[in-house]
Amino acid sequence: MSEAIKLFVEDARAVSIEAAAKILNLKFKRSGVEHPQPCPHCGGTDTFAFNTGKEKWNCRAGGIGGNDAIGMVAHCEGLDVKSREGLLEACSIVLGRDIPDEGERESDEDRQARKKRLEERRLQNEADAAARAASQDEFREKERAKARGIIKTATGLRTSVDPRGRHYLEYRCNGFPDASWLRFGASVPYWHGQDERGAPLELFSGPAIVAPFIGPDLVEIGCHITWIDLRQPPKYRPLLYGLTKKGLACGLLDWAFSDAPPLAIDLADGLYEQLPAKKMRGSKKGGLIPIAGHPDCSRWVGGEGIENGVAFGVWEGFRADTFYFAAGDLGNLTGPAEPSSRFAHPMLKKPDAKGVLRALMVQGPKPKRDQGADDAMWVADHVDELVLLADGDSEPVMTAAAMARARARHARPGRLIPIVWPRAGYDFSRMAVETGE
Ligand SMILES: [Zn+2]
């Protein structure tokens, strides 16, 4: 590679994920640092996301991601960064400049000057990367401290004077654990969007189940919050809405908690969106949510959500030899997939960015090679039976591949890993409710 080309690539390396996302015309959410959307290359819904806080991007459909703008641009534009042309083309898009002409002959002075600039650029990039890493650490620590604050303010769900947390679990899971892990807060604030000065806005505050995420040392690294509304069957969670960017552009007003739900046509047109009644703060990656029992137990039982873990525990009577947990989400239960094990769904098809119907790509059953310890929830070495609860109301092919991946990821010599499936179309929570009448 000539000096000019090296400098060109180094310049492109200095471009942030945020700047590259703007060049690619990617969508930014109104607030927050995580910006999910369909992958411009692979299609799908919310398959792709970039994070301007962590300086990362990820495509679940393509099973690929990274922490640089060049890689993100290459994926979105379908370029192969492993090839010289692909790499240079991606750099050219990132910088908005043509690839320098290598045929040009340069004088000794020009070469010296270029070398000097290249060296300066490289040092600057290193310094920028170190500063970014430091600010990411700081950001993570702040978020963890906030999560610990939320956990501290909540009281034990089992002993709380306010029974709504217990009632929620009784309605959803037919019972609740006699354990002190899960907590309850009578008025936990729900933040959404920003005011004109960029300060976060409180959409409402209300009753919520607060659960800690703990690491292998049992230290709290984050928290999981489920807002509840006992007047809203069958999920008993509040219906929350937010104005979308499109809605804002159309001059519509923010949705307030006391307002009636937006019109169905406005929701269908994407002017308002339904907001999740669950949120996580701090870190969840590599951690888990304890539900009942202690991690010292040699039998562990759990799945993605808290409700399924509680429902299954109620059904088998919360065995004394068992630790019940939730992973918080499917990715944290299974860990990432080996990209080459990705396969086409046998039946389902989806239109790509150009509207052409293509087989839906499914994350494969093989765990990604060389994955990090915190790429999936931790499981203690002494565990000899790990019962994994599958989600029966999610897409079955995707779930089956994910559960096979979880089993492979957590496999150890001498450890049994049965996968338990609820009745088709059900989750354990719904089965518990229907049999508990
Ligand atoms: Zn993609």
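Two strands pair if DSSP finds at least two bridges between them. In this predicted model, strand β6 (residues 183-194) and strand β7 (residues 200-214) meet that condition, being joined in the antiparallel sense over eight bridges. One point of reference along this pair is Arg183, which stands opposite Val210 in β7.

β6 and β7 belong to an open sheet of five strands, whose order is β5-β6-β7-β8-β11 and whose pairing is antiparallel. At its edges are β5 (155-156) and β11 (278-282), each of which pairs on one side only. Helix α6 packs on this sheet, where it touches β6, β7 and β8 (220-227). The direction of α6 makes about 70° with that of β7.

Two packed helices are described by the angle between their axes and the distance between the axes. For α6 (residues 164-173) and α9 (residues 306-315), the axes come within 9 Å and cross at roughly 75°. Angles of 65 to 115 degrees count as roughly perpendicular, and α6 and α9 are therefore roughly perpendicular to each other. On the α6 side the contact is made by Tyr168, Leu169, Arg172 and Cys173, and on the α9 side by Glu307, Val310, Ala311 and Val314. Sorted by class, the contact of α6 with α9 has six nonpolar residues, two charged residues and no polar ones.

Helix α9 is mostly covered, with eight of its 10 residues buried. Among the buried residues of α9 are Glu307, Val310 and Ala311, which also take part in the contact with α6. After α9 comes Gly317, whose phi is positive, near 75°.

Strand β17 (residues 385-389) and β18 run parallel and are joined by two bridges. Leu389 stands opposite Val420 in β18.

Two single residues from earlier in the chain complete the tour. The first topic is Gln37, which lies in strand β1 (residues 34-39). Buried means under 20% relative accessible area; Gln37, at 4% relative accessibility, therefore counts as buried. A polar atom of the Gln37 side chain lies 2.8 Å from the backbone nitrogen of Lys27. The backbone oxygen of His35 lies 3.1 Å from a polar atom of that side chain. Leaving aside its neighbours within four places in sequence, Gln37 is in contact with Leu26, Lys27, Asp46, Thr47, Phe48 and Phe50.

The other residue is Met72, located in helix α3 (residues 69-77). Met72 counts as buried because its relative accessibility is 0%. Beyond the neighbours within four places in sequence, the contacts of Met72 include Ile17, Ala20, Ala21, Leu24 and Trp57. Leu26, Phe48 and Phe50 are in contact with Met72 and also with Gln37. Met72 and Pro422 are 350 residues apart along the chain, and their C-alpha atoms are separated by 39 Å.

Definitions and conventions:
Residues numbered from 1 in each chain as written. Predicted model: local features only at pLDDT ≥ 70, side-chain atom pairs only at ≥ 80, totals over all residues. Heavy atoms only, no water. Axes fitted to C-alpha atoms, helices over the stretch in contact; angles between N-to-C directions. Helix = DSSP H or I, 4+ residues; strand = E, 2+ residues; numbered from the N terminus. Parallel < 35°, antiparallel > 145°, perpendicular 65-115°, else oblique. Contact = heavy atoms within 4.5 Å. Nonpolar A, V, L, I, M, F, W, Y, C, P; charged D, E, K, R; others polar. Buried < 20%, exposed > 50% of the residue type's maximum accessible area, 1.4 Å probe, protein only. Polar contact = N/O pair within 3.5 Å; in protein donor to acceptor, adjacent residues only side chain to side chain.
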